[in-house]
Amino acid sequence: MTDSSLKEKQFESDIEASLLSIGGYTKGNPKQFDRKRALDTSTFISFIQTTQPKQWQKYAAIYGNDSAESLINRFCKEVKQIGLLKVLRTGLRDRGIKFNFVYWKPETGINETTAALYNSNIFHCTRQLHYSVQNENSIDIVLFLNGIPVVSMELKDQFTGQNADNAIRQYKFDRASKDAIFEFKCRTLVHFAVDLSEVYMTTRLLGEKTYFMPFNQGSNGAGNVGGKGNPPNPNGYQTSYLWEQALQKDSLLEILHKYMHLQIEERIDFKTKARDIKETMIFPRYHQLDAVTKLLKEVKADGPGHNYLIQHSAGSGKSNSIAWLAHRLSGLHDAQDDKIFNSVIVVTDRRVLDSQLQDTVYQFDHVEGVVKKIDKDSAQLRDAINANTPIIISTLQKFPVIFNTVNGNNKSFAVIVDEAHSSQHGSAAKKLKEALADTEEILAEYAKMENEAENAVPDEDEKIVNELATQGQQKNLSFFAFTATPKEKTLQMFGTKGVDGKYRAFHIYSMRQAIEEKFILDVLQNYMTYNMYYKIIKNIPDDPTLDTDRGIKAIKKYQTLHPHNIAQKTEIMIEHFRANTMRQIGGIEPKVRAKAMVVTASRLHAVRYCLEFRKQIIRKGYTDMSALVAFSDEIKDGKETYTEESLNKTSKGETIKQDQLRSYFHTDDYNVLIVAEKYQTGFDEPYLHTMFVDKNLSGVKAVQTLSRLNRTIQGKTNTFILDFVNTAEDMKKSFEPYYEAAILEEETDPNVLYQLKNTLDGYRVYSNNEVQRFADLYYTPDEKNAQGILAQVLNPAIDRYKALDKDTKDIFSKTLSRFVRIYSFVTQVYRMFDKDLHKFSQYAKFLLKFLPTKDVDRVSVDDKILMEYYRLEKSFDGSIALKSTETGFSPIKGEAGAKKEKKETLSKIIDDVNKRFGTNFTEQDKILEQMQNDFVKDPKWSGFAASNDYSTFRLLAKKGFKDIAAQRYVENDSFFMRIFDDAEFGEYIMDRFIERLYGKLKEGYTEMPGGLGAGMAAEQD
């Protein structure tokens, strides 16, 4: 090998050779290129004359010798007006004569003429194309379709000291969009920056603002676990997939025809009502192209009746992937040219996907009615399914009421589930399968198993058998489930079982790859946790006995809702936001871009945090912060009743409606959103930078909640999380299963159902005769008085249940609930064909609803305890590093039972809490409390606080602080010596002390013992 073979020119030659030999291209002549009109005009006209001779003959009769020039000019004007992609898909008309500029691959091979036209397309690979009328700059490789440039490539070779970054800079600074070949939407549709190991692409050149995104497979190959980059290629270049696969003739035409689209986003300024139109030419990223291609190949080969799990992280472009898959599946034919699916049903709750799917598909087909959005009622859904509507978009909740009116026999359906989660394992999902299942074949199988003739199924069992027939995987239904965070049930329902017995996703675009490719941010990169210490004392003479668990929860609730706890944490959040967060995005005064979310444990917490935030913001005189709150329904706090809308007002006093909250929060007027079980999933606010967590989070919930921060936007380079409750190790355990790939170690054994039923039988709460009697009535067609009669059948079991002791009741009810849940899941995965078990499942479901509600002693300790000390200490500040996990989720087990209650005295419970959450509190915790009381006892200070603003009060109190400190000095010399000797420490203590004192005197609230001192001790630590 010589040095000459390691040059960029050789790289260019190798790519050309591949495209000419296996890619379907011929060598292009750069001298034929018309720089002004950015066309290979001779090829352009030659294609028209060859493929459309009759049209050309008519055209020439009108335009004579100017025919070629006239058509080229007409083409350029049409492209300028509606874009090249649309002209390629629809052609153009001139004087009533229609011309096509490309022939797409037909869906079937039935029509030989369309197949011949497809093969007549002319592909040129042209090297060193001089494109500009202003200079002699050249592009390394340009790919032409029938004389029209559609792809450009700049190549770099690491052996010469350059890489793809150099190619990107060349596009940004040397490739002007004013040159016709680079004009957005009008000529070259995608530009690639390529080196020996990586590929990047863009569809629009905007100078320095040009954004190139990775077009790489991933470090372990597309669809596999891994990070950024490409896997080694023992047979050639790491980037050869670009020209050997993606840009191969058939593949490129398929992308131009079925994938590329112009995404138009209309943004309306919420306050000014000004409209802004943003256009983006979408070219599929490699993992999207790979996922759809592999799914189509599997379905074409295997037909319907199989499930596929697609684990694609946030930042994967999931909406486009679903849109492309839905469109391709709706037109997919098998090897015999028969259509595989009657309808494709997309199950989603996302409005953005509704509109995006319709707009995207319309660009491809230009036919109204291809996509039907179900936005009215279930009858609309039923009619769309029965009419074989190609693509139907609906919510899962629409299916339960139409399942027995849809004709699913002899039809096949593809069901795309957007964000597969636990709702896919419930009754609504079962009804979806009942509605769409083709049960004729399954009933025949059942009859055979029962040694009966196909038509000899007893009438009284017909409904039971029909329900059993919809269990398990249906041969006419294919499910395509998309999620970033699959649970164990999702993995078994939709995942692929490997030879090792483990269940995995069919295709993966991991969180790790999305982070490394910079499509999302790593939310664990800047993570801070606080440990909270407090000491509780009993405030009543007697010592009542309480349930231990509920007593501990009551004490912790008391502590978390205590005004001092809320105030302390609020101050930390406000000051951190103002000092560190608010200018993280944009960073230029007076624009405050970055926003924060406060995740609270309950609606009451959210309300109190909201009020405290606003109180402190006003007291401190901050004009650059404003908080909104989000929670459902209404919540009472003492005598006050609060709703989201009653708390959220504009600066003019106007009510912010619930459906307006997202829009208002997006404006520059608001930068903190306090939430309680709202906006923790499915909320995309790109300016959200910081999250303050005051709630226990784990597993999928933790990942989904914290991932609200990971959206990218220009100027946003990092995120921050301050967690008052969870540890860094907690978050590491929650995120690691989803960092690369979620795995189910082994399948659930369906026989766990029999284990649970055996346990339930042992309590003799019901009899087999009662279960049979219930089933006979439940499945009878006579609905008159059905509810009353069924309820009476349950009464004997309810009476026996009431006679059980308290612990046995708890075990039975929990086991019964577990059976009902697991039966719902297991029968969607397996076909049981057990009529007796199915009858019992219906009986159990209704018995569970009728069981008396468990009498739970409500434990309230608010009037029995006081908080004596309180301290917050920073416990972790850094990055939480994730790694691939070797083990996955465990299957569902058939254990039964309930936790036995434990009772202890209040003082013992308090001791246990203090041992867990307490720490060594110092004398200075009490000293500052003593000083506060010295101020409060002197009426002049209350007068100063009432009649002065904070700034004036601060000047007066500084002198008073030193006087009172001097009085306390003799008793507490070590602490005060530091105040007087360490100027910085003394100033800090005085400021914090006076700020709290002013609030106490101004508002007259009662502080807890040790509260003020403990709070400042926490800060100065």
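This is a short walk through one chain, from its overall make-up to a few local features.

What you see is a predicted model. The chain has 37 helices and 33 strands. Of its 1021 residues, 53% are buried. Its accessible surface comes to about 46000 Å², and carbon and sulfur atoms hold 47% of that. If we take the contacts with a separation of 6 or more, 75% are between residues 24 or more positions apart.

Next, the cysteines. How many disulfides does a search of the whole structure find? It finds zero. Take cysteine 76: the nearest cysteine sulfur belongs to cysteine 186 and is 9.2 Å away. A disulfide would need the two sulfur atoms within 2.5 Å, so cysteine 76 is in no disulfide. Cysteine 125 has 0% relative accessibility, and because buried means under 20%, it counts as buried.

Now helix 4, residues 67–82. With 16 residues at 1.5 Å a residue, helix 4 should span 22 Å, and its end C-alpha atoms are 22 Å apart, so the two agree. Which residues of helix 4 are buried? They are Ser67, Ser70, Leu71, Ile72, Phe75, Glu78 and Val79. Just after the helix comes glycine 83, with a positive phi of about 95 degrees.

On to the sheets. Strands of a sheet pair through backbone hydrogen bonds, either parallel or antiparallel. Valine 151 stands opposite valine 190 of strand 9.

Methionine 691 has isoleucine 721, in strand 31, as its bridge partner. Strand 30, helix 24 (residues 699–706) and strand 31 together make a right-handed β-α-β unit.

Last, the side chains of strand 31, residues 720–723. In a regular strand the side chains alternate between the two faces of the sheet. Here Phe720 and Leu722 point one way, while Ile721 and Asp723 point the other way. All four are buried, including Asp723.

Key: Residues are numbered from 1 along each chain as its sequence is written. This is a predicted model: local features need pLDDT of at least 70, side-chain atom pairs count only at pLDDT 80 or more; totals for chains, interfaces and linings use all residues. Side-chain values use heavy atoms; hydrogens and water are left out. Helices (H or I, at least four residues) and strands (E, at least two) are DSSP runs, numbered from the N terminus. Buried means under 20% relative accessible area, exposed over 50%, partly exposed in between (1.4 Å probe, protein chains only). Contact means heavy atoms within 4.5 Å. Accessible areas come from the Shrake-Rupley method with a 1.4 Å probe; for residues, only the protein chains shown count as cover. The expected span of a helix is 1.5 Å times one less than its number of residues. Two strands pair if DSSP finds at least two bridges between them. A crossover is right-handed if, with the strands pointing away from the viewer, the path from the first strand over the helix to the second runs clockwise.
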